[in-house]
Each structure stands twice: as C-alpha cells, then as structure tokens.
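Dear colleague,

Please find below the structure that I am handing over to you. My notes on it follow directly after it.

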Amino acid sequence: MSHPPTTGQDDTSPEVILGVDTHKDIHVAAVINIHGVLLGSHSFPTTAKGYRGLLAWASTLGRLRQAGVEGTHSYGAALTRHLLTAGIAVIEVNQPDKAHRRRRGKTDAIDAEAAARAVLSGRATAVAKAGDGHVERIRLFKLAKASATKSRAQAINQLKAILVGADPALRDSMTGLSNPKLIRRCADLDPGQPDTPAAAAAYTLRLLARRIIELTREVDDLNQRITDAVDAHTPELLQRYGVGPDTAAALLLAAGDNPQRLTSEASFAALCGASPIEMSSGKTQRRRLNRGGDRQANSALYIIVIARLRWDLRTRAYIDRRVGEGKTRREAIRCLKRYVARELYELIARTPRHTSRPSIA
C-alpha cells in the first residue's frame with residue numbers, strides 16, 4: 001500500500017522501521033534500521049501530544065516509512081490513525097511467540113523491538129485497518145446494538161422468570177399473550193406502593209417491561225443507522241440476493257475502511273475463513289476446512305448462502321449438482337461461501353474511501 005512521504009523527513013536519510021508495544025496509558029516504541037540494528041527505544045503517553053512526540057522522535061532517527069504496531073484494534077487504534085494520517089504504512093503485529101519470549105525475556109521495549117523486526121523480516125504483512133470512515137461508524141453502531149440486544153434478552157428472561165412465581169391472579173391474567181402484548185400489559189401495570197411481595201412483583205414487571213420497550217427502540221434506531229451507513233458506503237451490497245444490513249456490516253468490518261489493503265479476492269476469502277487450507281503430504285493430496293479468519297464474517301457468508309438456498313433456484317441447482325458429484329451438502333455449502341466471498345469482494349474492494357479523520361491537535 002503506497003503512502004506519501006512523511007512531512008519533515010529527509011529523503012536522503014537512511015530508512016528505519018518503527019515498532020510499538022501499545023498499552024492503555026503508555027506506548028513503548030523502538031526503532032531499527034534496515035540492517036536490524038536497534039537505534040533506540042522510548043516510551044510515550046497515550047495522548048495527542050504523546051503521539052506527536054513519538055512520531056517526531058522516530059523521524060529524527062531516519063526516514064520512517066513503516067511501523068509495526070501491536071493491538072491496532074484496541075490500545076493502538078488511535079495511534080494507528082495518527083500514523084496513517086502522517087503517511088506511515090502501519091502493519092498489524094501479533095504478540096511474539098512464547099519460544100521467542102523464553103529466549104529473550106519479556107519487557108515492553110523487547111516487545112516493541114520484536115514488532116519492528118517482524119515488519120523487517122516480512123513475518124508481519126497485514127496492513128492495519130484505517131478505522132477512519134463509514135466502516136468505523138458501522139462498527140460502533142454494531143457494538144452498541146449487540147449490548148442493547150443482549151440486555152433486552154436478559155430483561156425478557158427475567159420478566160418471564162418473575163411471572164412463573166408471581167401471584168396466580170397476576171400470572172393468569174398474562175397467560176397466552178404473545179411477547180409484544182405481554183410486555184405492553186406489564187408496562188401498564190399499576191402496582192401502587194411495593195410493600196408486599198405481590199406488589200413488588202408487579203412493580204418489577206413494570207420496570208422490566210419499560211426497560212424492554214426502551215431497549216427495543218434503541219435496537220430499532222441502531223438498525224436504521226447501520227442500514228444507512230452501509231447504504232452510504234456500499235449501496236450495491238444491499239442489492240445482492242440474501243445480503244441484509246447485519247451480514248453486509250459484518251463483511252465490511254472484516255475488510256475495514258481501507259479494503260485496498262486486501263490484495264485479492266482470495267485474501268478476502270481467507271480473512272473470512274472461507275478458503276480451504278492445503279493439507280497435502282507425500283502421495284496424499286487434500287484440503288481441510290479453514291477454522292481461522294473472522295468468524296462473524298464467516299457466519300455472515302453462511303447466512304447469505306442459507307437465504308439463497310431457500311429462495312434462489314440457481315443456488316439449489318448448484319447444491320444438487322455438487323451433491324450428485326459426490327460432495328456432501330456441507331461441503332457444497334462451503335464451496336458456495338467461497339463463491340459468495342468472491343462475488344461480494346468485487347463490490348467491497350472498489351468502494352472509494354471516505355475518511356473523517358478528526359483533528360488531534
């Protein structure tokens with residue numbers, strides 16, 4: 001992924017690589033040259049001033065073009081955005097393996113140096129997600145929706161559990177009602193002063209029912225905002241058969257705000273865990289199921305395939321043909337997931353970037 005030169009760097013100075021071990025309050029940075037020589041390490045606070053100081057310090061040691069950062073989706077997310085804004089290619093780095101740590105020990109400076117060496121050696125190659133556009137909005141909306149949905153389910157379960165042991169007169173008046181009617185009936189209860197077990201039960205039922213109604217409004221609002229964000233980012237995605245707002249959002253989150261970091265549709269399929277893995281040895285030539293990748297994106301592909309199996313005649317004909325060739329139904333569905341990943345990648349990859357980088361001054 002090409003980036004413009006960082007402002008203030010001398011193109012004649014030797015190239016260096018930055019490695020960062022990220023934490024909540026401080027980031028520890030290390031810089032090595034292209035020959036693997038450690039030039040220095042330093043810690044910086046996780047503030048706007050600290051990010052500027054980190055970049056300025058690293059730039060004094062040479063021409064900075066690449067940085068390996070641990071935790072680009074958590075503690076290093078803000079630093080990643082700052083480095084990308086400065087034109088630095090950010091590579092996502094995993095924690096060093098245990099064998100390496102047993103040999104060298106464990107300190108933040110050692111981990112930062114290991115991050116830089118992972119970039120230099122080519123062991124770390126995944127370009128970090130930008131997190132500065134429509135997809136980041138979708139991620140935040142989905143995060144809020146997931147917690148609201150979970151809280152609503154807990155409240156519904158609590159409401160029904162209270163009804164099981166409630167006073168028979170109250171319980172009988174609620175028998176046979178559907179969930180929406182049951183919740184509205186409980187929300188309209190008038191328990192009076194909750195100074196008896198029966199009144200306390202009615203009071204709690206009303207409280208839980210009103211909480212469920214409010215959470216339902218919140219979930220509906222977030223659903224609409226997710227739909228609008230997906231439509232603004234990739235409008236053609238929702239027009240494909242079997243693709244809904246939640247499945248589209250999961251696939252967009254896997255690709256990130258900079259889907260150009262994925263080199264091909266095969267890399268997108270691997271990212272979604274929909275690409276078979278070679279398991280050949282000697283005369284045995286076979287492939288096995290990919291159990292890695294983004295499992296939410298993998299689940300989204302499965303939901304799309306199942307939806308097409310229900311309503312799309314071409315998909316049903318494909319399954320029947322592959323089963324007739326000797327594959328099991330499950331294996332045929334895996335093949336379909338791979339094809340769906342290829343189809344949707346073409347839409348996601350050609351989406352122009354719309355960034356909304358905030359100022360950190």
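Contact, as used in this message, means heavy atoms within 4.5 Å. With that rule, and not counting residues up to four places away in sequence, L344 touches L237, R240, V243, L251 and I304.

Before going further, please note that this is a predicted model, in which local features need pLDDT of at least 70 and side-chain atom pairs count only at pLDDT 80 or more, while totals for chains, interfaces and linings use all residues. Residues are numbered from 1 along each chain as its sequence is written, and side-chain values use heavy atoms, with hydrogens and water left out.

The sheet

Helices (H or I, at least four residues) and strands (E, at least two) are DSSP runs, numbered from the N terminus. Two strands pair if DSSP finds at least two bridges between them. An open sheet of 5 strands has mixed pairing and the order 3-2-1-4-5. Its edge strands, each pairing on one side only, are strand 3 (38-45) and strand 5.

In general, strands of a sheet pair through backbone hydrogen bonds, either parallel or antiparallel. Here, strand 2 (residues 26-33) and strand 3 pair in the antiparallel sense over 7 bridges, and H27 stands opposite F44 in strand 3.

Strand 4 (residues 63-70) pairs in the parallel sense with strand 1 (residues 15-22) over 6 bridges; Q66 in strand 4 is the bridge partner of I17. Strand 4 also pairs in the parallel sense with strand 5 (residues 89-93), over 5 bridges, where E70 stands opposite V93.

How much of strand 4 is buried? Of its 8 residues, 6 are buried, that is, under 20% relative accessible area with a 1.4 Å probe, protein chains only.

The nonpolar cores

A nonpolar core is a set of buried Ala, Val, Leu, Ile, Met, Phe, Trp, Tyr and Cys residues joined through side-chain atoms within 4.5 Å. The largest one has 40 residues, and L237, L251, F268 and L344 touch the most other members. Among the elements that give two or more residues to this core are helix 5 (134-164), helix 8 (197-233) and helix 13 (329-349). Helix 13 provides the largest share, 10 residues.

A second, separate core of 21 residues includes F44, A67, V69 and A130.

Notes
Buried means under 20% relative accessible area, exposed over 50%, partly exposed in between (1.4 Å probe, protein chains only).
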